[in-house]
Amino acid sequence: DTPRSEAKAAVRGLQKAGIDVYMITGDTRPSAIAMAKLVGIRPENVFAQVLPNEKAQRISDLQSSVGHGGQMAAAAAASPSRIVAMGGDG
């Protein structure tokens, strides 16, 4: 797959607005990291090999800022709850 032409600019715009951008995908980690790099998503913000029935839990984890190492723990200390928006390719 290749990203849409506007994907990198969209990710950059979100990041400039102070929004953390994550990728949740069923793809393998190497494929997910390669795609993330193309659009400017940090590798540590990539959740790969996530089954469809697990994606809602990953979103809940992001909302509560738990479960993703030190970065999310630091975010939890700064803000007890996060707003999570999701976009997809389908």
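Beyond its neighbours within four places in sequence, threonine 25 is in contact (heavy atoms within 4.5 Å) with Ala32, Phe47, Ala48, Gln49, Val50 and Lys55. Threonine 25 sits in the loop between β1 and α2 (29-39); helices (H or I, at least four residues) and strands (E, at least two) are DSSP runs, numbered from the N terminus. Its relative accessibility is 12%, so threonine 25 counts as buried (under 20% relative accessible area, with exposed over 50% and partly exposed in between; 1.4 Å probe, protein chains only).

The model is predicted: local features need pLDDT of at least 70 and side-chain atom pairs pLDDT 80 or more, while totals for chains, interfaces and linings use all residues. Residues are numbered from 1 along each chain as its sequence is written, and side-chain values use heavy atoms, without hydrogens and water.

One aromatic pair was found in the whole structure. Tyrosine 22 and phenylalanine 47 are stacked, 6.1 Å centre to centre and 20° between the planes (ring centres of Phe, Tyr and Trp, its six-membered ring, within 6.5 Å; planes under 30 degrees apart are stacked, over 60 edge-to-face, the rest tilted). Both residues are buried. Tyrosine 22 lies in the loop between α1 (7-16) and β1 (23-24) and phenylalanine 47 in strand β2 (residues 46-47), so the pair ties together parts 25 residues apart in sequence.
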